[in-house]
Amino acid sequence: MVKSDLEIVQENTMMRISDVAEKIGIDTECLEYYGKYKAKVDSSFISSLKNKKNGKLILVTAINPTKAGEGKTTTTVGLIDGLAKINKKVMGALREPSLGPVFGIKGGATGGGYAQVVPMEDINLHFTGDMHAITTANNLISAAIDNHMFHGNELQINPEKILWKRCLDMNDRALRNVTVAQGPKQGIERKDGFNITVASEIMAILCLSNDIHEFQTRVERCVVAFDMNDKPVTVKNLKVGGAVAAIMKDALKPNLVQTLEHTPVLIHGGPFANIAHGCNSVIATKTALKLADYVVTEAGFGADLGAEKFVDIKCRMAGLQPSAIVLVVTIRALKLHGGMDKNQLTQENVDAVRAGFANVEKHIETLKAVGVPFVLAMNHFYLDTEAEVACVNDICREKGYPIVLAKGWADGGNGMVDLANKVVELCEEENHFQFIYDVDAPFEEKVLSIVQKVYGGKDVVYTEDALKQLAEFKKFGWDKLPICMAKTPNSLTDDAKVVGRPKDFTITVKELRISAGAGFVVVLTGSIMTMPGLPKVPAANSIGIDENDKIFGLF
């Protein structure tokens, strides 16, 4: 019988987090403890590392996934332990899970099988409270907006042009559109809505700031509304930037945890990649690079979303450059992209695997455009057949693509040694890292570059509303910012039902949102939602606590 992820975790003996810190060179006096097995790293210690040499940065990305995900985090954690197995000084730098997917369909974000980060239950639930701090900070701004209008509206905020939404770290479609201040003496009644916390600009700013002072500066740049003369109103105008920074003071400190094999990992920040930029915090990544020779990080969903934003937003803003990229592929995703029904993916179908490889090739083209050495990691599932695995290996051999079978789920670090050795080799190869687009190019040209170079599309069309927004954005110079595409992760197109590698398609831009504090423009395409909903049978239905006070049902 196959053990569940949670059963594997609960049978594991964790190392005290102080001992994990000592392994990587973190002064234990600089830890802020949250129990025995997790801690925050003090900002003064992080500042002391600034003159140390950086290690090698390795990005893990994937092809377009199935709705259940393809084990990108499992591969990432397995690779971290695989590098430790070959005696490399290594750390992970990962995102924090959102409670939305935990209680929804995808489950947590701590890996799987014997390639997990622990304490899994804590990380997937409240952890150290970062998500709650972000939610509170975001909603303080919302409260300040409505309170300002209630008390005379000195800034002349136009209630019809308020951009800032409230947020909650939960999938709750009923909150997409709400009315606030209903009834007498409650303020100005208006339409509002909620985003999920991980899609909030506060989350993006946390992940792109180098310290708390930069965080406050960025927050104060956030555009929350337009006034009656159509001029932007910012958080600085509301005079709550300092209060927001105060709420976030501890949340800006990265969280230290460990893998099942006691390798140190910093988990910090967790923006969605289909809506936001999908990468963990710059603070955590840069701290890990100062402490370790190899740092493994990941970007959400497929290379069309997470990896592109990792390159064009995170690396551009933070001055980072990956030394190698791992592209995760799975047999089941290949079969989906090869035309198989999503409910039949456990059945052997070599023809579908071969047909679905076209999706992989588009992502390979993207990685080649970025100019970083790469390897394919076939994340092995126990239902994969020998014929299907052989098919993928044969295609890669014919086309000259490097590929390694990744068995981290079943064997932990031991199952990832081959991938670890290949990654070390790639880190020494010639690197021609470059961005997908020139940030100073015209706005339409930047969007088209992403659509053509990364998605493989032909053209972009803008709705009438989006064109009006673009004209307005150009007046304020926002068109010169990087682009954050909000798109379905399940397809290269903006239609989640279109699988494989479609060609000559058009992407429809329906709305633009300015994230002046984060420093990018969010481009919403297709039917993308910034507040997801729960499925008919959510994962929450299977989660509980047993008679021994142990949580069950998390995955």
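Visitor: Which residues of helix 9 (residues 212–221) are buried, and what puts them on the same side?

Guide: Those buried residues are Phe-215, Arg-218 and Val-219. They sit on the same side of helix 9 because they cover an arc of only 100 degrees around the axis, taken from the directions that run from the helix axis to the C-beta atoms. An α-helix has 3.6 residues a turn, so residues three or four places apart point the same way. As for the ground rules, this is a predicted model: local features need pLDDT of at least 70, side-chain atom pairs count only at pLDDT 80 or more, and totals for chains, interfaces and linings use all residues. Residues are numbered from 1 along each chain as its sequence is written, and side-chain values use heavy atoms, leaving out hydrogens and water.

Visitor: How do you know what counts as a helix, and what counts as buried?

Guide: A helix is a DSSP run of H or I with at least four residues, a strand is a run of E with at least two, and the numbering goes from the N terminus. Buried means under 20% relative accessible area, exposed means over 50%, and partly exposed is in between (1.4 Å probe, protein chains only).

Visitor: What covers the buried residues of helix 9?

Guide: The cover includes helix 7 (130–150), helix 8 (201–208), helix 10 (235–238), helix 11 (241–248) and helix 13 (303–318), where contact means heavy atoms within 4.5 Å.

Visitor: Which residue caps the N-terminal end of helix 9, and how do you know?

Guide: That's Asp-211, with a side-chain oxygen 3.1 Å from the backbone nitrogen of His-213. A polar contact is a pair of N or O atoms within 3.5 Å; within protein, one must be able to donate a hydrogen and the other to accept it, and residues adjacent in sequence count only if both atoms are side-chain atoms.

Visitor: Why is helix 12 (residues 282–291) called largely enclosed?

Guide: Because 9 of its 10 residues are buried. Among them are Val-282, Thr-285 and Lys-290.

Visitor: Is Asn-280 buried or exposed, and where is it?

Guide: Asn-280 has a relative accessible area of 0%, so it's buried. You'll find Asn-280 in the loop between strand 15 (264–267) and helix 12. Its side chain makes a polar contact of 3.2 Å with that of Thr-285 and another of 2.9 Å with that of Lys-314.

Visitor: What about Asn-138: buried or exposed?

Guide: Asn-138 comes in at 3%, so it is buried too. Asn-138 belongs to helix 7, and its side chain reaches the backbone oxygen of Lys-165 at 3.0 Å. Setting aside neighbours within four places in sequence, the contacts of Asn-138 include Trp-164, Cys-167 and Ser-200.

Visitor: And Thr-73, buried or exposed?

Guide: Thr-73 has 13% relative accessibility, so it counts as buried. Thr-73 lies in helix 4 (residues 72–85). The side chains of Thr-73 and Glu-298 are joined by a polar contact of 3.0 Å.

Visitor: How much space lies in the second largest pocket, and what makes something a pocket?

Guide: About 1,300 Å³ lies there. Of its 44 lining residues, Ile-162, Leu-163, Lys-165, Glu-511 and Arg-513 are the closest to its centre. On a 1 Å grid over the protein atoms alone, a cavity is a set of points where a 1.4 Å probe fits but cannot get out, while a pocket is an open set with protein on both sides within 12 Å along at least five of seven lines; lining residues have an atom within 4 Å of a point. Points are joined across faces, edges and corners, and the volume is the space filled by probe spheres set on them.

Visitor: Where does the largest share of that pocket's lining come from?

Guide: Strand 22 (residues 506–515) gives 6 residues, the largest share of the lining of the second largest pocket. The lining divides into 21 nonpolar, 8 polar and 15 charged residues: Ala, Val, Leu, Ile, Met, Phe, Trp, Tyr, Cys and Pro count as nonpolar, Asp, Glu, Lys and Arg as charged, and the others, Gly among them, as polar.
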